Amino acid sequence: MKQLPIFLNIQSSACLIAGGGPAAARKAKLLLQAGAKLMVVTPTLSESMLLLLDSANIEHLQRDYHSDDLQGKTMVIAATDNYQVNLQIAADAKQKAILVNIADNPIASDFTLPSIVNRDPLIVAISSSGTSPVLARMLKTRLEAFIPKSYSTLATLAGEFQVEIKEKIRHVGARKAFWEKSLTGNIAELVLTGHETKARQALKTAINNANQNYSNAKTGEVYLVGAGPGNPDLLTFRALRLIQQAEVVLYDRLVSDSIMNLCPQQAEHIYVGKRRADHAMPQANINQTLIDHAKAGKRVLRLKGGDPFIFGRGGEEIETLAEHNIPFQVVPGITAASGCASYAGIPLTHRDHAQSCTFITGHLKDGSINLDWNRLAGTDQTIVCYMGLMGLPIICEQLIAHGIAKDTPAALIERGTTAEQQVHTGTVSTLPQIISSRTVTAPTLIIIGTVVTLRKKLDWFEQQ
Ligand SMILES: C[S@@+](CC[C@H](N)C(=O)[O-])C[C@H]1O[C@@H](n2cnc3c(N)ncnc32)[C@H](O)[C@@H]1O
């Protein structure tokens, strides 16, 4: 490590900034936010520096730098537009043992200012030790997206109760368990979803109920989370957050490995399967497993492909949880229809093609396909068929028998949204034949309607 990362307390410390350009202004703003008292020495001011001069903690001297300006300063930023002057400031500062940063010169600087993700009082600082500020900024952008703004409120709330909790729960291990639970469980969720008052109340209740054996006090929760159609980029932020705090994970066959890799290593992973006619674990057992783990106080993640409420039996699972008074929350996922359609370049509705879109299942509980064929055979609509690979010939046959034009375009998308995606196109009369002559890997989705013709123009994913 070339540099020591530290967070410096500069509240009310006198600091000097030589220079008035945008870079100097950026640093001045940061120092002001950290409570410094600033002296800015510069004959000219940029727009951004001018805006800062309203602050009570900034004094502007409209002239060039002079070595006397260093008198009584804790820290100096040399950001004039003159390279030699900056070096001179640095030399003067070093002589007086004052920490100095030189703009665009990390090597000659005592310290650099990191890229930060500011969720004050929570601060994440990123440094590339001067090698690549662009890389550090790129990482910052990613972290910005991962750490919701409401972490600021969460950290403030934690700070508010820190002393009280320390007094109430004296055992270090128990206190750690209390904080871990509060900062990942329902109290955190309340804060992160904007219910600060309720969160404060819940934290007070938790403190009142806390005892030295806190780690044994249990109330679990189930997160029913839609994992989307396979590509991890399509997870929601909320899904990712809950995935990362799970203690037990029950997952389906359709949840991709790359999404499973996001689950905590130490969590218990339980495969519950669900392939056509081959359920690794019967639904009743899945429901019972969710209940048992939640009652044991665990944060249980029920991870499902796509959206849990679309052909996912998510409703049934949480009905059982509700009957057992188990707290739960549901996170929607991108359903296969949306994901596959987008990645195949087939809009599901379009003013010139389809005014409605119907999601159907090509596979009923008893293996039959029993649909309103007359309605589905109508024009100006799109049909999306889940679990329809086996039933494809019957579906097409029935649609034709009920009056759909034989040349109605149709597509079958296999492993949609993933790097293995394949799209097979034809018409309702040709697609079954085309598919039977090819090797196709599940999961697959069928789209029927003239919107399929738009793919010729709109396919973007496979073009990449
Ligand atoms: C039991 S349903 C679950 C649907 C899921 N809840 C959703 O909202 O996407 C499983 C069916 O979803 C479709 N499916 C899911 N992911 C898919 C993908 N990546 N590509 C194609 N079809 C997919 C297939 O039709 C598969 O048989």
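A residue is termed buried if 20 or more other C-beta atoms lie within 10 Å of its own, exposed if 12 or fewer, and partly exposed in between, with C-beta atoms placed from the backbone. The model is predicted: local features need pLDDT of at least 70, side-chain atom pairs count only at pLDDT 80 or more, and totals for chains, interfaces and linings use all residues. Numbering starts from 1 along each chain as its sequence is written. Helices (H or I, at least four residues) and strands (E, at least two) are DSSP runs, numbered from the N terminus.

**View A. Alanine 97, a non-glycine residue with positive phi.** Its phi is about 55 degrees. Alanine 97 lies in the loop that runs between helix H3 (83–95) and strand S5 (99–102). With 7 other C-beta atoms within 10 Å, alanine 97 is exposed.

**View B. Aspartate 380, with a positive phi near 55 degrees.** Aspartate 380 belongs to the loop between helix H14 (373–376) and strand S14 (381–386). This residue counts as partly exposed, having 13 C-beta neighbours inside 10 Å. Most residues other than glycine have a negative phi, and most peptide bonds are trans.

**View C. The cis peptide bond from aspartate 120 to proline 121.** Omega of this bond is near 10 degrees. Proline 121 is placed in the loop between two strands, S6 (115–119) and S7 (122–126).

**View D. The cis peptide bond from alanine 442 to proline 443.** Here omega is near 0 degrees. The loop that holds proline 443 lies between helix H16 (431–436) and strand S17 (444–448).
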